[in-house]
Amino acid sequence: MGASWTKNIPNMLHIFSASDKRSCYHIHVIFKSEIDKIHLIIFSDSWQVNISAGTVHVFFLSYCRIIQYCHYYLVRQLNFKNLAGYTTICNVNFSSRLHFQWKIFPATGDHVAVPFKSIIGIDFKLLIFFKADVLVLFQQSSSYFRPFGINAEYMGLFVKKDMMKKEEEKVKDTEKVHSSLSKSHFEYVLAEPENKIRKTRIICTLGPACWSLDMLCQMLKLGMNVARFNFSHGSHESHKKCLDTLREAMKKTGITCATMLDTKGPEVRTGLLKEHKNVSFKKDQKLEINTNYTLEGDSNMITCSWKNLPLKVKPGAKIYIADGSVTCEVLEIKLPDKVIVTVLNDATIGEKKNMNCPGTDVDLPTIAENDEVDLVDFGLKYNMDMIAASFIRSAEDVEHIRDVLGPRGSHIMIISKIENHQGLYNYDEILKATDGIMVARGDLGMEVAPEKVFVCQKWMIEKANIAGKPVVTATQMLESMVKSPRPTRAEASDVANAVLDGTDCVMLSGETAGGSYPLQSLEIMAKICREAERCLNPELVQAQIRKLTPTPVSMREAIASSSAQLALDINADLIIVLTEHGESARLVAKYRPRQLILACTTNSAVMRQMNVTTGIIPFKIPSFQGTENLLKSCIQAAKEMNLCKKGNKVVCVHSSKEEDPGISNILKILDIEQ
């Protein structure tokens, strides 16, 4: 590189000469008086470059350090994940006719050029992708640079000098962590979570295992937020008795709990068994499935509630019974009411178990006559807070339920359960029409391939988060605790991953309804949720939700989003929201603030319904009149609940008009005084 050379490149600089020295190269740079920006620095080997107004000094730098710098810059700053494992090769020539749009940097001395030996697997397209952050440098022993005919032996990255320092610090910090796991870090892993109050809500299914007043009181104290009444089982009389006991437990403990009616829906189920005893099947045996639902089954014949089963299934189709405990293959159709199948595994089941026919269009109404009776004669009559609507397949199904509930039930939330292909295909329109979503993985796991269930779960949760609608993750979360006092490690991870995915609620089914350890199931689920919550990064979650939320947003959502950001910026203790119907509080919760949300309302039903949204603590207030005094009393109540401390700050969201509290157009900060 000892040759002297000159080349005029528009809007760049004139490079006059380069002198060869043993340990240091000097490239003299002279700027035109009217040019204060450069497009490109050209160099030829492993050097660190300091840019000044008149001269560029190029100093020798260890090749290993350069690779280390570049590795951390690519992996950490540009999210290029595939660098590890590539082979570095010297003297690789690139020759291509490409057009580059160079990023312009001010020549103020606050950048360094770091050469990077060519790496197999990184091509010009990748470098162009980096153009907003990286200026790629090419040089061979040739005497000039040609922008459309590049012939380069080496390439480099042009990055900020302060970023290089930060990356060097990261390298040192990483080396410390990897050299020895510090005691404080290890203690943090095993320490109790600092978040004493769990944000994720828990739904518990009520049944014989927890019907007593004492059990329900204990479950409320352990953190049950929503009580689920499963109308696939039991009678109105048994559910009413349980509901009365629950409300008595709420009065006794002073703890609010929402009530959920879960409809039977268009389920396909097996029928009753002789003497109500379990039956066993052997692998490769033939089994008759009869659609005469009045018969009682045995080990050779079971009944099915779907009369059109013989008309819809075909030989070779699969039928799953009891969440897949029994797998059958259709062998023969005997019209009008029989299907002969081959049992593919040994199994024992009880009566009235669910059946799934993957890929078969089940032509049953979403809301059958018995479901309408449940909604009207129980849901409306006894003031249930929400309906978990089974097997929702379209937005029309949601609207049909609203029509059944009528004006008397207009306040009841509808949580749509997505359990089949049709629900997945129409998910976007269902999400717009519904008040919330339940990822019902039991039947869904029979309809789609097992390896696709978690993908569907994450996809549905993300879309519900962006829409600001509460989402429930359900089915077999701690299934082993029906019989065991401890969950499996996989189950614990399943609950934690649902929280990390962004679910508002997790649900216990048989664990609390009929299991041997209902209290232990609830207690361990609450602990897992708290542990998972401390692994979340609210800043990143907020940024992601903002990025994915379509704009423009409503004024109320803009206020909600700003409140979450403001609370983060000032490190507030709490966000207080005065809300009439709960919508403003749910919009704040959409942006997943680090702080808890004290949602204050005059409506008891709204207060209970907010129990299904993450991070919200419902609080009953007498009225919305006298906003300033009302906020002071809410802060005082929050202090008594240990939600905030004297000397800190709270963020408040409310309406400028006391007569119209649903507007939520005021955002302010209040100091927590004595």
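Visitor: In which sense do strand β17 (residues 286-290) and β18 pair, and over how many bridges?

Guide: Strands of a sheet pair through backbone hydrogen bonds, either parallel or antiparallel. Here β17 and β18 pair in the parallel sense over three bridges, and E288 stands opposite M301 in β18. Two strands count as paired if DSSP finds at least two bridges between them, while the strands (E, at least two residues) and helices (H or I, at least four) are themselves DSSP runs, numbered from the N terminus. Please keep in mind that this is a predicted model, in which local features need pLDDT of at least 70, side-chain atom pairs count only at pLDDT 80 or more, and totals for chains, interfaces and linings use all residues. Residues are numbered from 1 along each chain as its sequence is written, and side-chain values use heavy atoms, with hydrogens and water left out.

Visitor: What is the order of the strands in the open sheet of seven strands, and which are its edge strands?

Guide: The order is β15-β23-β19-β20-β21-β17-β18, with mixed pairing, and the edge strands, each of which pairs on one side only, are β15 (268-269) and β18 (301-303).

Visitor: Which strands does β19 pair with, and in which sense?

Guide: With strand β20 (residues 326-334), β19 pairs in the antiparallel sense over four bridges, and Y320 stands opposite T327 there. These two strands form a hairpin with four residues between them, where A322 in the turn has a positive phi of about 55°. Two bridges join β19 to strand β23 (residues 354-356), again running antiparallel, and I321 has M355 as its bridge partner in β23.

Visitor: Is V313 buried or exposed?

Guide: Residues under 20% relative accessible area are buried, those over 50% exposed, and those in between partly exposed (1.4 Å probe, protein chains only). V313 has 5% relative accessibility and therefore counts as buried, although its place is in the loop between α7 (309-312) and β19 (318-321). Leaving aside neighbours within four places in sequence, V313 is in contact (heavy atoms within 4.5 Å) with V330, I333, V339, C357 and T360.

Visitor: How do helix α17 and helix α18 cross, and what is the handedness of the crossing?

Guide: Axes are lines fitted to C-alpha atoms, for helices over the stretch in contact, and angles between N-to-C directions run from 0 to 180 degrees. The axes of α17 (residues 538-548) and α18 (residues 555-569) come within 11 Å and cross at roughly 155°. That makes the two helices roughly antiparallel, because angles over 145 degrees count as such, those under 35 as roughly parallel, 65 to 115 as roughly perpendicular, and the rest as oblique. The crossing is left-handed, meaning that the near helix is turned anticlockwise from the far one by less than a right angle, whereas clockwise would be right-handed. The contact is made by E539, Q542 and R546 of α17 together with S561, A564, Q565 and L568 of α18.

Visitor: Which strands does helix α21 lie across?

Guide: Helix α21 (residues 627-640) lies across β29 (574-578), β30 (596-601), β31, β32 and β33, running at about 135° to β29. These five strands form an open sheet in the order β31-β30-β29-β32-β33, with mixed pairing. Its edge strands are β31 (616-620) and β33 (666-671), each pairing on one side only. Strand β32 (residues 649-654) is joined to β33 by six bridges in an antiparallel run, with L670 of β33 as the bridge partner of V650.
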